[in-house]
Amino acid sequence: MAPRVTRRKFAKVASAAAIGASAGSVAAGAPAAAQRSAGTAPQPLPRAFPSAFLWGTATASYQVEGAVHDDGRGPSVWDTFSHTAGKVVNNANGDVANDHYHRYKQDVQLMKALGVKSYRFSIAWPRVFPQGDGAPNPKGLDFYNRLVDELLANGIQPFATLYHWDLPQSLQDRVGGWESRDTSNAFANYAGYVAERITDRVKHIFTINEFGAFVDLGYRAGVHAPGLKLPPGRFNQTRHHAVLGHGLAVQAIRAKAKPGTKVGVAENMTICAPVIETPEHVEAAVRATRERNAAYMTVIQEGRYTELYLSTAGADAPKVASGDLKIISSPLDFVGINIYTAIYVRADESPQGFAIVPHPKSFPHMLSPWLYIGPEALYWGPRHVAQIWQANEIYITENGCSSSDIPAADGVVYDTDRVMYVRNYLTQLQRATSEGIPVRGYFLWSLMDNFEWADGYTNRFGLHYVDYDTQKRTPKLSAAFYKEMIARNALM
Ligand code: GBH
């Protein structure tokens, strides 16, 4: 069944987003005289972003912190996984990573120099509850208090994510991690504990980062921690417990946070772009968006699994306890979307009404083979979320790319490919904001090169180059580009 979309809301988004409307409406503000005086030279459009637009960067705890034994931190599934031979390229691990735990003040200065207004980081659950549940470890939370204070002192708004995949190992050992509802409950308890203590200063909280990346890759494909390959029934149940944990955490945060705290999720939805912007392909992309995100974003937004998801799973469908769906779909204040790539969708005559068009072999990608270039994802992602689920506050919680990044003789990485990538994606984001789609901010992944999960340190996503022998951070060309863009608040 189609989700409820109020007629007014739909008309607003649909008409604003009508094909061809954007260029004209954006140009309308430019004085005609100024345009004429330019003669034949192409006139730059005033391709500005909204005035309060929140430019930012992002990182995650295990990818940058190191200090895995400091101040009572317990082990996480990523410590165990990365210390298991053959799981991570070159058997790398996050024991030291960027040593951000000790160098956070310097890293805040990198942000300040960029001119970002906000920073998205994640809190390591096993620092705060070394066993996942039971006794808290106040020293663990102290680190984030210091970080938050440092950010605020430098005029940077903190956005905190509570779970970016570092599950306390003890929960994996004792209850099977996200295979068990006990983990969903423990997560909510941890979320409430943190919310009570940081929301005097942190006004935006994300529950969970990217369900698929720890559930699908961790419990089915086995390429992320905890490295399991569960059969379909147990796997679908694990997915259910992850979204349940999200919903319980939303409720716990609401119960414990200071007034004015906003709660959301950061999900790397599958972004479905129409092959051509005609009404039938756009409609197919909307259908595909709901179905391809059925296990996570759709159930969070709609409080039900789609019929197609349930019928495809058959006997392996998740067992849903009474009340679960209401918890899972607890209302959110904002929606965060991590966007790296797009899939292309066309209309067809099948019962589901869409077909996915695979990327041809020649389709360009960045250094990571999965990172197909799809700038229009930054338009269609927020447009779908606003149109299908009436989200009125959207953040791009991650966007960025991997590049080969070799320092030149002068020590600078001239990552023209990353600049090309970011410029093209932001062009599509600006199309979205200029049409009134409510995107409020953008967090570039990442502030600096860091531990890229199963790829170890071989795949760099940073605006700053990190020399892991010396821990020296050096701004890349892309950092200069981003800084200039932020200063202008407009495309260039
Ligand atoms: C994000 O995931 C993460 O939130 C962030 O931590 C990470 O550093 C960043 O992106 C860059 O990757 O090797 O074929 O199994 C983005 C989604 C999920 C995409 C895992 C790559 C592995 C594909 N990612 N996926 S594969």
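Rings of Phe, Tyr and Trp (its six-membered ring) count as a pair if their centres lie within 6.5 Å; planes under 30 degrees apart are stacked, over 60 edge-to-face, and the rest tilted. By this rule, a search of the whole structure finds 48 aromatic pairs. The model is predicted, so local features need pLDDT of at least 70, side-chain atom pairs count only at pLDDT 80 or more, and totals for chains, interfaces and linings use all residues. Residues are numbered from 1 along each chain as its sequence is written, and side-chain values use heavy atoms, with hydrogens and water left out.

F49 and W55 form an edge-to-face pair, with 4.8 Å from centre to centre and 80° between the planes. F49 and W55 are buried (under 20% relative accessible area with a 1.4 Å probe, protein chains only; over 50% is exposed, and in between is partly exposed). The planes of F211 and F214 meet at 35° and the ring centres are 6.3 Å apart, so this pair is tilted. F211 and F214 are both buried. Both lie in helix α11 (residues 211-214), three residues apart, about one turn of the helix. Helices (H or I, at least four residues) and strands (E, at least two) are DSSP runs, numbered from the N terminus. F211 and F214 also belong to a cluster linked by ring pairs, whose other members include F187, Y190 and Y193.

F187, Y190 and Y193 are among the buried residues of helix α10. Helix α10 (residues 181-198) has 18 residues. From first C-alpha to last it reaches 26 Å, close to the 26 Å expected at 1.5 Å a residue (1.5 Å times one less than the number of residues). The cover over its buried residues includes α8 (138-153), β3 (157-163) and α13 (232-256), where contact means heavy atoms within 4.5 Å. At the start of α10, a side-chain oxygen of S180 comes to within 2.9 Å of the backbone nitrogen of D182.

R197 lies over the face of Y193, 3.7 Å from the ring centre. The charged end of R431 sits over the ring of Y379, at 3.7 Å from its centre. Such a charge is NZ of Lys or CZ of Arg, within 6 Å of the ring centre and within 35 degrees of the ring normal.

Strand β5 (residues 262-267) is mostly covered, with five of its six residues buried. Strands β4 and β5 pair in the parallel sense over four bridges (pairing needs at least two DSSP bridges). I205 has V263 in β5 as its bridge partner. Strand β7 (residues 334-338) also pairs with β5 in the parallel sense, over four bridges. Here the bridge partner of E267 is I337 in β7.

Methods. Polar contact = N/O pair within 3.5 Å; in protein donor to acceptor, adjacent residues only side chain to side chain.
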